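Reader: I would like to learn how to read a pocket in a protein model. Could you take me through one case?

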Amino acid sequence: MLKKIILLAIFSVVVFMPVFVSAQGLKDARGFLDQAAKTEKTGLSSDLSDTIATVIKAILALVGTAFLVLTIYAGVLWMTAAGEEAKIEKAVGILKASVIGLVIIMSAYAITYFVTSKLGGATSTITPPDSATP
């Protein structure tokens, strides 16, 4: 019976919470959103190379996060193995695989950065011919 009363109380708090919340000061929210959309602080650009660079940075952030999660998981697995060789081998395998994956991704990024910087330098030094000189 007590469990039902507690669940009913939690349910009513969750259901009636919007009644208690007051959202004052948002009368001109559309104006604020329009103003934010007109600014150049979005980080987006019309240049293709900048867009690709932004995508690559986002992917690298996800890869770094995955590496961190795998490393923490392997560490916890290793620490809680309590001497069981199978768990220790599994943790070491996960750790090795995550480090190898990180090295491969960072090498690919370094190669991509090198190639794009050389191509970007080659295309930016080309100047159109002067039509006034014979």
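Author: What follows goes from the fold to the pocket. Keep in mind that this is a predicted model.

Reader: How many helices and strands does the chain have?

Author: The chain has four helices and zero strands. Along the sequence the pattern reads α-α-α-α.

Reader: What share of the residues counts as buried?

Author: Buried here means under 20% relative accessible area. Of the chain's 134 residues, 5% fall in that class. The accessible surface comes to about 11,600 Å², and carbon and sulfur atoms hold 73% of that surface.

Reader: What share of the contacts comes from residues 24 or more positions apart?

Author: Such pairs make up 45% of the contacts in the chain with a separation of 6 or more.

Reader: Now the pocket. How is empty space found?

Author: A probe the size of a water molecule is rolled over the atoms, and this shows where empty space is left. In this model, the largest pocket has a volume of about 340 Å³.

Reader: Which elements give two or more residues to the lining of the largest pocket?

Author: They are α3 (48-79) and α4 (85-124). The most comes from α3, with seven residues. Lining residues include Leu-48, Asp-50, Ile-52 and Lys-57, and also Tyr-109, Tyr-113 and Ser-117.

Reader: How do the lining residues divide into nonpolar, polar and charged?

Author: Six are nonpolar, four are polar and two are charged. Asp-50 and Lys-57, both in the lining, belong to residue types that count as charged.

Note on methods:
Residues are numbered from 1 along each chain as its sequence is written. This is a predicted model: local features need pLDDT of at least 70, side-chain atom pairs count only at pLDDT 80 or more; totals for chains, interfaces and linings use all residues. Side-chain values use heavy atoms; hydrogens and water are left out. On a 1 Å grid over the protein atoms alone, a cavity is a set of points where a 1.4 Å probe fits but cannot get out, and a pocket is an open set with protein on both sides within 12 Å along at least five of seven lines; lining residues have an atom within 4 Å of a point. Grid points are joined across faces, edges and corners, and a volume is the space filled by probe spheres set on the points. Buried means under 20% relative accessible area, exposed over 50%, partly exposed in between (1.4 Å probe, protein chains only). Contact means heavy atoms within 4.5 Å. Accessible areas come from the Shrake-Rupley method with a 1.4 Å probe; for residues, only the protein chains shown count as cover.
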